[in-house]
Amino acid sequence: MKSDLSTSAAPLRGVGGALRSSEPVRVVPVPSAAVVLLEEAADLLVVHLDFPAALHTCERAWRSLASGALADQPTGTSSEVKCSLCVVGIQALAEMDRWQEVLSWVLQYYQVPEKLPPKVLELCVLLYSKMQEPGAMLEAANTWLQDPDNLGLPEYRTLAELHLHRVLLPLGYLSEAEKLVVGSAAFSEEQRLDALQAISTARQQQKHKHSDSEENQKLNQEVSHFFALPFRKSLLAALILCLLVVRFDPASPSSLPILCKLAQIFHWIREAMFSSSYQLPIHD
């Protein structure tokens, strides 16, 4: 009985230390399956470097979310978990050199580009830009920036600048770039002037590049014409030699030098033709 009394009198131990009878009992929420899987996926990615397993775990977590695993969690928790799952999944795909699948992978969970979290869209733009495939993000980024629900987000200005410098300008979409800069209230006056200057510089570079391309094309045509002249003369000479040889007996010793000369000419023609065809630089 003494032991019973001493036991009942002893303070209860909780997460925050000893609890007195007058203290309210704090209930620690049990992590949902999606949160547990998110932590497991991050561990597989960072610690174990098991990228396929990390991606598979993210997909399991998404299936858990689809079943309403976070329905009893505070508002915003579900969005944070989804965004974090996307970050881990994007990194896992990139590490496996499957970066081409990133956009389609995240869209299978968000359905439409305008619903992508800003952080996820930013990572996608940076990834495809780094891999020199900015065109893959053109439509998705445009759609996101034009959606009225995204205009008031604090990340909107950052994403607009990112879209300008990492997608539109590298693709040479200068008119679209001007439309974005002039028509968006996200840019300050200083930022707008800097962006317009960058667009102007890109337009000048584009004109010079086009001019150089035309000059190279003209030069290649002139060179091709130059090489064509000796070919024509050589072919004509070869035909004349053929006619002369036909009039002689090929088995005659006197015909041997002519046959050797003819063989040399044909050999020279063949070498010159292949060398000019394959070594001459061709520009579109």
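The legends below describe close-up views of a predicted model of one protein chain.

Residues are numbered from 1 along each chain as its sequence is written. Because the model is predicted, local features need pLDDT of at least 70 and side-chain atom pairs count only at pLDDT 80 or more, while totals for chains, interfaces and linings use all residues, and side-chain values use heavy atoms, with hydrogens and water left out.

**Figure 1. Overall fold and confidence of the protein chain.** The secondary structure comprises 11 helices and two strands, where helices (H or I, at least four residues) and strands (E, at least two) are DSSP runs numbered from the N terminus. Along the sequence these elements follow the pattern α-β-β-α-α-α-α-α-α-α-α-α-α. The average pLDDT, the predictor's confidence in each residue on a scale from 0 to 100, is 76 for the protein chain, and 60% of the residues score at least 70. Residues 1–30 have a pLDDT below 50, and this stretch has 11 contacts in the model beyond near neighbours in sequence; a contact means heavy atoms within 4.5 Å. For residues 276–284 the pLDDT also stays under 50, and the model has 10 contacts beyond four places in sequence for them. Of the contacts in the protein chain with a separation of 6 or more, 59% join residues 24 or more positions apart. Among the 284 residues, 32% count as buried (buried means under 20% relative accessible area, exposed over 50% and partly exposed in between, with a 1.4 Å probe and protein chains only).

Figure 2. A pair of aromatic rings is described by the distance of the centres and the angle of the planes. Rings of Phe, Tyr and Trp (its six-membered ring) pair if their centres lie within 6.5 Å; planes under 30 degrees apart count as stacked, over 60 as edge-to-face and the rest as tilted. Trp62 is buried, at a relative accessible area of 7%. Trp105 and Tyr109 pair edge-to-face, with 5.2 Å between centres and 80 degrees between planes. These two residues of helix α5 are four residues apart, about one turn of the helix. Trp105 is buried as well, with 6% relative accessibility. Ring pairs link Trp62, Trp105, Tyr109 and Tyr110 into a cluster.

Figure 3. The buried residues of α5 include Val102, Leu103, Trp105, Val106, Leu107 and Tyr110. Elements that cover the buried residues of α5 include α3, α4 (77–95), α6 (118–130) and α7. Just after α5, Gln111 adopts a positive phi of about 70 degrees. A nonpolar core is a set of buried Ala, Val, Leu, Ile, Met, Phe, Trp, Tyr and Cys residues joined through side-chain atoms within 4.5 Å. The largest such core has 57 residues, of which Leu85, Val106, Leu116, Val120, Met137 and Leu164 touch the most other members. Leu85 touches Leu38, Cys58, Ala61, Trp62, Leu65 and Trp105, leaving aside residues up to four places away in sequence.

**Figure 4. The largest pocket.** On a 1 Å grid over the protein atoms alone, a pocket is an open set of points where a 1.4 Å probe fits, with protein on both sides within 12 Å along at least five of seven lines; lining residues have an atom within 4 Å of a point. The largest pocket holds about 380 Å³ of space. Its lining consists of 15 residues, and Leu145, Gln146, Tyr156, Lys179 and Leu180 lie nearest the centre. Helices α7 (138–146), α8 (156–171) and α9 (174–183) each supply at least two residues of this lining.

Figure 5. Leu49 lies in the loop between α2 and α3 and is exposed, at 53% relative accessibility. The C-alpha atoms of Leu49 and Glu95 are 9.1 Å apart in space, although the residues are 46 apart in sequence. Asp97, in the loop between α4 and α5, has a positive phi of about 60 degrees although it is not a glycine. The relative accessible area of Asp97 is 54%, so this residue is exposed. Gln132, found in the loop between α6 and α7, likewise has a positive phi, near 60 degrees, and is a residue other than glycine. Gln132 is exposed, with 68% relative accessibility.

Methods:
Grid points are joined across faces, edges and corners, and a volume is the space filled by probe spheres set on the points.
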